[in-house]
Amino acid sequence: MSVSEVDAAATFVAHRDSLCRYLVRLTGDEDTAADIAQEAFVRFLERPPRGDRARAWLFTVATNLVRDAARSQTRRRVLLGGEGAAWQRAHGDPSRDPAEIVEGMERRHAVQTALASLARKERVALLMREEGFKQREIAEALGTTTASVGTLIARAAHKLAKQLNLDHESEPQ
Amino acid sequence: MMTARNAHLLDHELVALIDDDGDRATLAEYTAHLAECSTCRGEAHRLRRALAAVSKDLSTIDVSSDFALPFVPSTQLVRRRISRQLATAAGIVAVTILSFRATEPLHALAQRAWQLLASEDTTPRIEAVETPTTQGQPVRPIMLQFVPQGSTVLIDIAVLQTTGTLTIRQSRHEFGRIHFPAAVETLVSESTIEIRNTPEQSASYVVEVPANVRTVRARLAGREQAVAVPQSGAIVLDLSARGAAR
């Protein structure tokens, strides 16, 4: 592995957790998320971005890969369908209370379903914000304006809160 | 003193205010408006609560503990690189031919293209896919992937420890994995895992080997034993000085 590839790998590893979490939430499926994260990694190794844009570059590439994957018929069955292996894996943890596992799975499923009901740009904007990106960076990833990103985030948050029956309508004290 | 604007704040301005995402002057303008406008104050409150509630619920969706990136065969990386190089080389050949009007012998051009192809290192690699986090964050175990070259893997553990175990089990993947604490230096190559631990350590290690590996040679403080890899379940070896002495 050349020096530049070692640097690229270290950079990727530094952002891996955040990227994978984002992809799991975006796709609803760990296997798909892993495939896409790995493909982003390979592209990152092949053509590392210049400057300090690595994180935004990785998320943008991964977001585009998810979009492309969602277009393919084979992926569509998996993406956002809630049938992924992610929450099924929870069964394998013997240290957790079964009732707690079921409750957690149900909540996770509800959140994933609510996420899936959002428009793609709303979902991407909300999830990238969750990973700490600024509106300007999200706008670059989505190919839109900063003002649009704020609207997407606000709309997505209100939709999710409503679907998940989260109490967010009360007036300030 | 900042003058509050008259128009209501837009969604992206509210989000910017909540996330502290913008320059100081602009955010101060939004804040000043909020102080005077009950409509925007209410809207900001609703949005802040929605974002907080959604954020809390999103935390239920995270990668599972056994999440791992799939292994990329080195051949795939090499193939992709060669494809790119071929395209580059073809372009160089074409430009050279045009520039020199084919006065240079063709075999020399072919040789130049081949030299370009062979110029980059294309040796197989082992991918590191996990690293400890720093800056006060909890340190997660490191996981490394490896691809055994034969049917045996050697695990060489330098010394007996205060406490700890070595767990050996079959991998669900076509590659092997080792999980180990960040505090322990580990060298992983094809078919050999070298763990450079210290006697003071209380560390455990999990080694998963693919199905083609039948036997693991566990060398513990210089003493070697062969361990048959179970098809299900796991073999657990005690690495503590007290346990190993029994």
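This is a predicted model: local features need pLDDT of at least 70, side-chain atom pairs count only at pLDDT 80 or more; totals for chains, interfaces and linings use all residues.
Residues are numbered from 1 along each chain as its sequence is written, chains are lettered from A and ligands numbered from 1 in the order in which they are written, and side-chain values use heavy atoms, with hydrogens and water left out.

## Chain A

Chain A has 8 helices and 0 strands. Helices (H or I, at least four residues) and strands (E, at least two) are DSSP runs, numbered from the N terminus. Along the sequence, the pattern of chain A reads α-α-α-α-α-α-α-α.

Chain A holds 173 residues, and 50% of them are buried. Buried means under 20% relative accessible area, exposed means over 50%, and partly exposed lies in between (1.4 Å probe, protein chains only). The accessible surface of chain A is about 8,100 Å². Carbon and sulfur atoms account for 50% of that surface. Accessible areas come from the Shrake-Rupley method with a 1.4 Å probe; for residues, only the protein chains shown count as cover.

Contact means heavy atoms within 4.5 Å. Take the contacts in chain A between residues at least 6 apart in sequence: 62% of these join residues at least 24 apart.

## Salt bridges

Side chains of opposite charge can pair when their charged atoms come close. A salt bridge here is a side-chain nitrogen of Lys or Arg within 4 Å of a carboxyl oxygen of Asp or Glu. Over all chains, the whole structure has 20 salt bridges. The table gives some of them.

| Salt bridge | Closest N and O atoms |
|---|---|
| Glu39(A) with Arg43(A) | 3.0 Å |
| Glu130(A) with Arg129(A) | 3.9 Å |

Glu39(A) and Arg43(A) share helix H2 (residues 30-46) of chain A. They sit 4 residues apart, about one turn of the helix. Arg43(A) counts as partly exposed because its relative accessibility is 31%.

Arg129(A) lies in helix H6 of chain A. Its relative accessible area is 15%, so Arg129(A) is buried.

Elsewhere in chain B, salt bridges with shared partners link Asp156(B), Arg217(B), Arg219(B) and Glu224(B) in one network.

Which residues does Arg129(A) contact, leaving aside its neighbours within four places in sequence? They are Ile138(A), Ile153(A), Ile18(B), Asp19(B) and Leu51(B).

## Chain B

Leu51(B) is also one of the buried residues of H3(B). Others in that list include Cys40(B), Gly42(B), Arg46(B) and Asp57(B). Helix H3 (residues 38-58) of chain B has 21 residues. From first C-alpha to last, H3 reaches 30 Å, close to the 30 Å expected at 1.5 Å a residue. The expected span is 1.5 Å times one less than the number of residues.

Chain B also has strands. Two strands pair if DSSP finds at least two bridges between them. Strand S3 (residues 165-170) of chain B is joined by 5 bridges to strand S10 (residues 234-238), and the two run antiparallel. Here Thr167(B) has Val236(B) as its bridge partner. Another 5 bridges join S3(B) to strand S7 (residues 205-209) of chain B, running parallel. In S7(B), Val209(B) is the bridge partner of Gln170(B).
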